[in-house]
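Here's a quick tour for someone meeting this structure for the first time. Have a look at the sequence and the model, then read on.

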Amino acid sequence: MLAFVVGLLYLASERTVRAANDATGSRFVCNAIPPGADPGCPLGSNRVQTASSLEDELRNPIIQLRETILQQKETILSQQDTIKELNSKLARCEAAADDSSQGRSRGQGSRRKEHSKNTMGDLPRDPGETIDQLGKTMQSLKGRLESLEQQQQQQQLQPGGGGGGGGPNVSTLAASFPAELRELLRQRLGNLEGQLLRKVAELEEEKSQLYNETAAHRQRTESTLSALVERINELEKSNNAFKSPEDFKVSLPLRTNYLYGRINKSLPEMYAFTACMWLKSSASPGIGTPFSYGVPGQANEIVLIEWGNNPIELLVNDKVAKLPLSVSDGRWHHICITWTTRDGFWEAYQDGERLGTGENLAPWHPIKPGGVIILGQEQDIVGGRFDATQAFVGQLSQFNMWDRVLRPVDIMGMANCSSYMPGNVVPWTDANVEVMGGATKAPLEVCEDRMFES
């Protein structure tokens, strides 16, 4: 291909020179004539103009081809010089590596001679073959570089870094590499390190942003939940007819076995207790059973009852103590009963005054846990089998229980409405009391009602 282009360039140049030399002499111009035209008809000056225009058209492409060929030739020569330089440097590096790994002087000259020869050889004249040859040469150089790197790694793994025969050590091998390669490696490592640091910084920033977004979302969620809770509390208060959770009463107007209230809390095991309540009844004979506590195996674990013409009785583990109380006058009365397992000692309070005490009521018996508290009925089995003749008729309020014996001053404070103490094991709240069978709950301010009665 190159020879063909050179030949064209030569012919075109020779024609141009001849045309210049024969400008003053006679010349022959051959032109194509159409079919049927007279070949003897003279063309005149038109022939000269046609030849001149043809030469002008050919001159520009030929000049461009010549410049292209010269540029390709310079590029090929430059690449050939670069490859020769790389070849010589590789030969020195490989010779140093071979001397270090083998540790023998024998064969060094032959290896150096073999690798110092020109790898390029004679370039072919055809440009296509030249390009193929350059590609093969570059592949060969790449393979020799990889082989040299493997040898260096083996040298680094060997103890002492060198081997026998006085060969060069690792530092000598490192120094034998071209400075351009070392600088290129350092720049590449520096770029990779910079990219890694930037990536780490971006990840840290993303993590910080995510944490901030999560914290803000959590704060918004908590704020929303708090607002919802407040709104729910407001709605509950607006729908609740009671001014406060304890200001209500349970009404049991008939003596039946189906009207009652149930406390939604049970008792723990106790070795003492205090039970207080407000009650109002005018039933006769007897007010019935204000409350009872039954456990599996003992339905009468704790019972307060006035049945028939009998006085009010306190039962603990089905043991009985008669109490000197009188509350069937149709007025509100505050009643408190205390008991302790030590010697079975008990006390009875009415309207803040202690009216009676006793002992030997189920001494050393612990109150069993896990039972059921019923308001207005006496239990024959746990939570049921009520007897209408023992039912309470009247109104109850502020039934509280403690797992200790209260002081007389605390009882007096509740009785004269100077203080209110909710029970620590059974507090009187609307949520803790269920009414069954037609019993009702209604608002009540017992102290104001009591003052109105008096």
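A residue is called buried here when its relative accessible area is under 20%, exposed when over 50%, and partly exposed in between, using a 1.4 Å probe and protein chains only. This is a predicted model, so local features need pLDDT of at least 70, side-chain atom pairs count only at pLDDT 80 or more, and totals for chains, interfaces and linings use all residues. Residues are numbered from 1 along each chain as its sequence is written, and side-chain values use heavy atoms, with hydrogens and water left out. Helices (H or I, at least four residues) and strands (E, at least two) are DSSP runs, numbered from the N terminus.

**The disulfide**

- A disulfide is a covalent bond between the sulfur atoms of two cysteines; the cut-off used here is a pair of cysteine sulfur atoms within 2.5 Å.
- Searching the whole structure turns up 1 disulfide.
- Cys 276 and Cys 336 are the two partners, with an S to S distance of 1.9 Å.
- Because Cys 276 sits in strand S3 and Cys 336 in strand S8 (residues 333-340), the pair ties together parts that are 60 residues apart in sequence.
- The torsion about the S-S bond of Cys 276 and Cys 336 is about 115°, so this disulfide is right-handed.
- Are these two cysteines buried or exposed? Cys 276 is buried at 1% relative accessible area, and Cys 336 is buried too, at 0%.

**The sheet**

- Strands of a sheet pair through backbone hydrogen bonds, either parallel or antiparallel; in this briefing two strands pair if DSSP finds at least two bridges between them.
- What is the strand order in the open sheet of 7 strands? Reading across, you get S7-S6-S5-S4-S11-S2-S15, and the pairing is antiparallel.
- Strand S7 (319-322) and strand S15 (433-436) stand at the edges with a single partner strand each, so one side of each has no neighbour in the sheet.
- On average, neighbouring strands of this sheet are turned by 20° against each other, direction ignored. For that angle, axes are lines fitted to C-alpha atoms (for helices over the stretch in contact), and angles run from 0 to 180 degrees between N-to-C directions.
- Strand S5 (residues 298-306) and strand S6 (residues 313-316) run antiparallel and are joined by 4 bridges. Leu 304 has Leu 314 in S6 as its bridge partner.

- Ser 284 and Pro 285 are joined by a cis peptide bond, with omega about -5°. You'll find Pro 285 in the loop between strand S3 (272-280) and strand S4 (288-295).
- Asp 318 belongs to the loop between S6 and S7. Its phi is near 65°, a positive value in a residue other than glycine, and Asp 318 is partly exposed at 41% relative accessibility.
- Trp 364 is in the loop between strand S10 (353-358) and strand S11 (372-375). The phi of Trp 364 is near 60°, again positive in a residue other than glycine, and Trp 364 counts as exposed at 58% relative accessibility.

- Helix H7 (residues 408-415) has several buried residues, among them Asp 410, Ile 411 and Met 414.
- Helix H8 (residues 446-453) contains Cys 447, which is partly exposed with a relative accessible area of 25%.
- How far apart in space are Cys 447 and Cys 417? Their C-alpha atoms are 6.1 Å apart, while 30 residues separate them in sequence.
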